Structure formats: C-alpha cells, structure tokens
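Hi,

Here is the structure I promised to pass on to you.

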Amino acid sequence: MAVTTGTVSADDKAGSDPVFELSSLEVFYGEFRAVREVSMEIAEREITAFIGPSGCGKTTVLRCLNRMNDLIETARVQGSVKYHGVDLYDAAVSATEVRRRIGMVFQKPNPFPKSIYDNLAFGPRLNGVKKKSDLDDIVESSLKSAALWDEVKDRLKSSALGLSGGQQQRLCIARCVAVKPDVILMDEPCSALDPIATARIEDLMRELTSEYTIVIVTHNMQQAARVSDRTAFFTTEVNPESDRRTGVLVEYNPTSKIFSTPDDERTEQYVTGRFG
Amino acid sequence: MPLARTPVNLEALRLTGRRAVAETLGRYAFFSAAFFSIIVSGMIVWSLAAETWTFVSQVDYSTLWTDGWFPRRGMYDIKTLVVGSLLTTIVAMLVAVPLGLGAAIYMSEYAKPSVRKVLKPTLEVLAGIPSVVLGFFALTFISPEVVQRLFSGATQFNMLAAGIGVGILTIPLVASVSEDAMRSVPDTLREASYGMGARRVSTVLRVVVPAAVSGLVAALIIAISRAIGETMVVFIAAGATGGSLFSVDVLGPGQTMTAAIASQAAGTDQVVGEGLTFQSLFFVGSLLFLLTLLLNLVADRFVRRVRQKY
Ligand SMILES: Nc1ncnc2c1ncn2[C@@H]1O[C@H](COP(=O)(O)OP(=O)(O)O)[C@@H](O)[C@H]1O
Ligand SMILES: [Mg+2]
C-alpha cells in the first residue's frame with residue numbers, strides 16, 4: 001500500500017501566498033504521539049476542511065494553528081507551523097497575539113453568561129475599544145455578518161444563554177468576527193445543531209470567505225463536500241513500536257477531487273462510506 | 001438452583017425474617033438520630049426564645065441606648081455590641097477577602113496541579129488552627145508587633161488586632177468557597193476567552209470572576225457570618241472586660257456580641273447582677289442567631305444559583 005503521508009497541496013491559488021504552511025508537524029500528549037508528519041499549505045480566503053475518523057487528530061492539528069494547544073499542559077509540538085511566513089512556535093511569538101488574529105469557534109457553543117451585547121463587545125473591549133458608539137457599530141455589523149441581527153436586535157441586553165443552540169453558535173461566530181480576525185478556525189461547529197441550524201451556518205461560512213480564511217473540522221463528509229474548497233483527509237495508523245494509534249494526513253486536495261477521484265485508496269474508502 | 005429461578009409466589013417475594021428486622025431496625029435507628037438532632041435544636045431555640053422574651057418584656061427600653069454595655073449595672077447598650085461586631089467584621093473582611101480571593105484565583109487559574117496539591121492542604125491546616133490559638137497570637141503578636149507599631153495610639157487590647165485575627169481565621173473559608181465557585185466555571189468559557197486572544201488576567205477578571213460571582217458573594221456572606229460568630233479571638237484580643245463604653249475606635253478595646261456573652265457567662269464571677277443581666281445575654285444571643293441565620297440563608301440562595309447555571 002502506498003503511504004502518502006504528508007501530501008502537500010499541488011495547485012496553489014496563483015498569486016496568493018499561503019496563510020499557513022505546516023511542515024512535518026507532530027503533536028505529542030505526554031509520551032503519546034497523536035499526529036505525525038503533517039505537511040500542508042492552507043490558502044487564503046478559502047475554506048479548508050479537515051475530515052477523518054474520530055481520534056485521527058483533526059482537532060489537535062487545528063488547535064496548533066492558533067496555539068490553543070498551549071493550554072493543555074502535556075501537549076508538545078514538533079515541526080513547524082508558519083503563519084504568513086512567521087513560525088508560530090518561535091519563542092518570541094506570544095500565543096495571545098496569535099489568537100487575536102486567528103479566532104476559533106468550538107464544537108459546543110460557548111457564549112459567556114453575559115448579555116448578547118457584552119458577548120460581542122468582549123473582544124473589541126479587550127483590544128481597547130471603549131466608545132459606546134464604536135462598540136454599537138461593531139455589535140451590529142458582526143451580528144449582521146453572522147445572520148443573527150434580525151433575530152436578536154430587540155434583545156441585545158438579554159442573556160446570551162437564552163438563545164437556541166443554533167443561535168448561540170452563530171453568536172459565537174459573530175463574537176469571533178467582531179475582532180476582525182484574519183483566520184477563523186472551526187472545530188465541528190455544527191455537531192450540536194439540527195439540520196436547519198447547520199444549513200444556516202454553512203451558508204454563513206460561504207459568505208464569510210469573501211473576507212476570511214476558514215479552516216473547519218467536520219466529521220460530516222457532506223458538509224465538507226458542500227462548503228469547502230480543499231479537503232484534508234486524516235486517518236489513524238497503528239504504530240509499529242506500540243499499539244497506540246497515531247493520526248496521519250492521508251491526502252490533501254481540492255474538495256471536488258477528494259470526493260470524485262481521490263489519489264489514495266483509503267480516502268476513497270472513507271468518502272464512499274466503506275471505512276471508519 | 002439460583003435464587004432467581006425458584007418458583008415465584010407471594011410468600012417468596014415477601015420481605016421476612018432477619019432481613020425484615022434489619023430493615024425495620026435500620027429505619028428506626030436513623031430516624032431516632034435525625035429526630036434527636038431536631039429536638040436538641042428545638043430545645044436550644046426554645047430556651048433562647050424564652051429568656052429573650054423575659055428580657056424584652058421586662059426591660060426598661062431606655063437602658064438599651066446608653067453610654068455602653070454594662071449589663072451588671074443595668075446598662076444594655078446594644079449598639080456598643082453591634083458596632084463592635086461590625087467593626088471587627090469589617091476589619092476581618094478587609095483581610096480575608098483580598099487574601100482569600102487572591103489565593104483562590106491563584107489556585108484555580110494559575111497554579112499547576114503539582115503546586116495546588118501543596119497549597120490546598122496548607123490552607124486547610126490554617127483552617128484547623130483553634131481560634132483560641134489565633135486569639136492569643138492576635139494579642140501577643142499582631143497587637144504589639146503590627147498594630148501598635150503602625151499606630152502609636154493603639155492600646156494593647158484593640159479591635160483592629162482582633163479583626164485581623166478573625167480575618168486570618170476566615171481566609172481558608174473564603175479561599176475554599178471561592179475556589180469551588182471558580183472551578184465550577186466550565187473550561188469552555190476559558191477557551192472562548194483565550195481563543196479571542198485574552199490574556200490570563202483578562203480571562204480571570206472578565207470571564208471567570210463574573211461567571212462565578214454568585215458563588216463569590218456566597219463566600220463573602222459565609223465569611224461574614226463566620227466572623228460575626230467568632231468569639232475566642234475577639235474575647236482575648238479586643239478586651240475581655242465585663243463591659244465596654246460605646247466606641248468606634250478600632251485602635252481601642254471594644255466588645256462584640258459574642259465576646260459580651262462569653263465574658264459574662266465565663267470567668268470567675270457568676271452571671272449575677274441587676275435582675276436582667278442573665279436574660280440580656282440571651283437577648284444578644286438571639287440577635288446573633290437571627291443575624292447568622294439570615295446570612296446563611298442568603299448565602300445558600302447564592303450557592304444554589306451557581307449550581308443551577310451550568
Ligand atoms: N488533552 C489530551 N490529552 C491526551 N490525549 C489527547 C488529548 N486530546 C486529544 N488526545 C488524543 O489525541 C488523539 C487525537 O485527538 P483529536 O485531535 O481530538 O482527534 P479528532 O478531533 O480527530 O477526533 C486521540 O487519540 C486523543 O485521544
Ligand atoms: Mg475533534
């Protein structure tokens with residue numbers, strides 16, 4: 001079987017430099033190597049999807065992109081992640097500065113137990129925006145870009161916890177957009193939502209690509225096929241030396257190719273539902 | 001044949017013999033324990049209420065507002081005691097809240113698990129110090145070495161030293177209840193905050209503390225209630241005299257509700273004096289009881305709010 005670990009995307013968008021360049025990325029949790037030798041480039045203003053069976057390291061790789069892994073005591077990263085050419089794991093780089101540019105939407109909607117308004121104003125306030133009128137504008141525009149404005153404009157002062165799950169997740173996207181990040185990382189943002197809410201979020205992602213680079217983890221293949229431009233398929237391989245499973249990147253290609261004529265047999269098995 | 005396969009009839013399914021006796025005995029034993037505790041509490045409240053009633057119905061109300069608390073001379077100036085309790089409690093909270101809350105924030109948000117493993121038991125040791133030891137410490141160290149050095153006018157017995165002592169005593173309580181409150185804030189909220197590029201201080205101050213606020217308020221109220229009820233430290237360090245002039249000077253001696261009862265009820269002299277001296281202590285006791293009961297009820301509501309939220 002041909003092992004094509006660490007495939008690098010072949011056809012870059014002409015003219016634009018990649019946002020991320022991962023080379024030989026490996027992540028350990030303590031002694032356990034969770035993913036190995038991931039190399040790929042992520043293009044600007046595109047939606048890149050990570051798919052694969054659970055436990056193959058999608059979340060782990062995603063969280064390397066804004067150094068959220070720093071919060072896990074045992075996590076250790078090897079190889080390099082370059083963001084616009086800068087090594088994110090350089091000693092001089094501050095994780096908080098990174099995260100101000102690279103926002104994240106999580107699997108479970110996690111609004112703060114504050115008002116809708118204060119949720120959206122949280123990031124701008126961190127960045128020093130104080131004027132009420134400026135905050136009002138940001139709140140309105142980010143709610144609009146998350147397609148939530150019409151539903152909540154009359155109750156901005158009420159608790160965000162009173163919103164439905166789908167609304168909460170759109171609020172989290174709006175909260176992320178409110179700081180005008182460069183990249184938005186999404187970790188299975190629809191896994192807790194019903195199909196209607198999911199469809200709204202997918203529409204939203206397509207709209208957001210005009211301004212943002214999006215990387216989304218999903219284990220819903222139809223979702224990857226519907227929304228993404230490129231897809232990376234990960235899977236797990238049993239380590240010869242131990243019986244722990246390590247995640248590997250099997251194939252990274254334009255989404256249309258992944259779902260029609262993938263290069264790797266395992267990708268084909270997975271996308272046709274005969275695997276994992 | 002396994003029990004489950006024996007023939008089934010009403011007799012087979014009835015609880016009989018030793019199993020039935022054990023079940024009944026168990027029920028009565030535990031019921032008696034519960035009943036006894038309630039009866040004892042009831043008796044305490046009853047004796048408190050009865051003597052209080054005697055006092056309230058017989059006292060000359062003008063003696064409740066005099067120059068000081070001298071029960072044996074028939075001067076029951078209740079404001080002396082209330083203000084004394086209030087002042088020592090305020091001082092105690094000024095010590096316990098910043099230190100206890102700070103320690104809680106450190107343990108819950110900053111400390112590595114290995115550090116926390118040492119810090120938590122250490123704080124619990126502090127909680128285990130008998131208050132009589134702390135009272136003595138307040139009198140022999142805090143008063144001369146801290147208070148009198150900082151404030152030349154301070155007397156040996158003073159409410160400031162006593163309040164600091166009570167504060168030290170309540171630090172572990174504040175720390176432990178606040179830490180629980182902050183640890184019950186889900187990590188997903190911290191992730192949301194860090195994910196937006198918030199630093200740790202901002203995450204603590206703008207996300208964790210606000211989310212835990214009802215638990216933190218509960219910690220404060222429980223600590224106040226504990227400080228008001230604290231007897232030994234104030235008894236020893238604030239002036240264990242039979243009476244006290246009304247005073248708002250924390251650098252001088254004072255009398256709290258608790259110390260007033262202790263200094264009358266204990267010691268060599270019997271609680272004798274003008275007719276109502278004895279009953280006056282029950283009156284103060286009732287006041288104290290109602291105050292702490294009220295505080296605990298309020299705190300309980302706040303704690304419940306934290307539980308419901310997540
Ligand atoms: N905090 C952690 N500590 C230890 N192991 C972890 C941690 N997070 C994830 N892992 C392990 O790393 C592997 C990859 O996990 P993850 O990235 O969450 O996979 P996915 O998102 O693809 O389901 C799994 O084997 C998982 O058990
Ligand atoms: Mg995952």
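**A serine in a loop of chain A**

Ser115(A) lies in the loop of chain A that runs between strand 6 (102–105) and helix 3 (116–126). Please keep in mind as you read that this is a predicted model. The relative accessible area of Ser115(A) is 11%, so this residue counts as buried. Setting aside neighbours within four places in sequence, Ser115(A) has contacts with Leu156(A), Lys157(A), Ser158(A), Ser159(A) and Ala160(A).

Ser80(A) sits in strand 4, which covers residues 75–83 of chain A. Its relative accessibility is 15%, so Ser80(A) is buried as well. Once neighbours within four places in sequence are left out, Ser80(A) is in contact with Glu21(A), Leu22(A), Ser23(A) and Asp87(A).

**Chain B as a whole**

Chain B has 12 helices and three strands. For its 310 residues the globule rule gives 19 Å, but the radius of gyration is 26 Å, well over that value, so chain B is more spread out than a compact globule. Along the principal axes, the C-alpha atoms of chain B fill a box of roughly 85 × 60 × 30 Å. Buried residues make up 43% of the 310 in chain B. If you take the contacts in chain B with a separation of 6 or more, 74% of them join residues 24 or more positions apart.

One residue to look at here is Ala181(B), in helix 6 (residues 159–183) of chain B. Ala181(B) has a relative accessibility of 5% and therefore counts as buried. Not counting residues up to four places away in sequence, Ala181(B) touches Ala212(B), Gly215(B) and Leu216(B). From Ala181(B) to Val303(B) there are 122 residues in sequence, while their C-alpha atoms are 8.4 Å apart in space.

**Where the two chains meet**

How much area do chain B and chain A bury between them? The figure is about 1,700 Å², with 69% of it on carbon and sulfur atoms. On the chain B side, Glu191(B), Met196(B) and Arg206(B) lose the most area to chain A, and together they account for 38% of what that side buries. The contact is made by 22 residues from chain A and 19 residues from chain B.

As for polar interactions, there are three residue pairs in polar contact between chain B and chain A, counting pairs with both residues at pLDDT 80 or more. Helix 7 (187–195) and helix 8 (200–211) of chain B each supply at least two residues of the side that touches chain A. Helix 7 of chain B gives the largest share of that side, seven residues. Sorted by class, the side of chain B that touches chain A has 10 nonpolar, five polar and four charged residues.

The count of salt bridges between chain B and chain A is one. In that salt bridge the side chain of Glu191(B) meets that of Arg63(A), at 2.9 Å from N to O.

**A closer look at helix 7 of chain B**

Seven of the nine residues of helix 7 of chain B are buried, so this helix is largely enclosed by the rest of the structure. The buried residues are Leu189(B), Arg190(B), Glu191(B), Ala192(B), Ser193(B), Tyr194(B) and Gly195(B). Just after helix 7 of chain B comes Gly197(B), with a positive phi of about 90°.

Conventions: Residues are numbered from 1 along each chain as its sequence is written. Chains are lettered from A and ligands numbered from 1 in the order in which they are written. This is a predicted model: local features need pLDDT of at least 70, side-chain atom pairs count only at pLDDT 80 or more; totals for chains, interfaces and linings use all residues. Side-chain values use heavy atoms; hydrogens and water are left out. Contact means heavy atoms within 4.5 Å. Buried area is the accessible area (1.4 Å probe) that two parts lose on being put together, summed over both. A salt bridge is a side-chain nitrogen of Lys or Arg within 4 Å of a carboxyl oxygen of Asp or Glu. A polar contact is a pair of N or O atoms within 3.5 Å; within protein, one must be able to donate a hydrogen and the other to accept it, and residues adjacent in sequence count only if both atoms are side-chain atoms. Helices (H or I, at least four residues) and strands (E, at least two) are DSSP runs, numbered from the N terminus. Ala, Val, Leu, Ile, Met, Phe, Trp, Tyr, Cys and Pro count as nonpolar, Asp, Glu, Lys and Arg as charged, and the others, Gly among them, as polar. The radius of gyration is taken over C-alpha atoms; the globule rule is 2.2 Å times the number of residues to the power 0.38. Buried means under 20% relative accessible area, exposed over 50%, partly exposed in between (1.4 Å probe, protein chains only).
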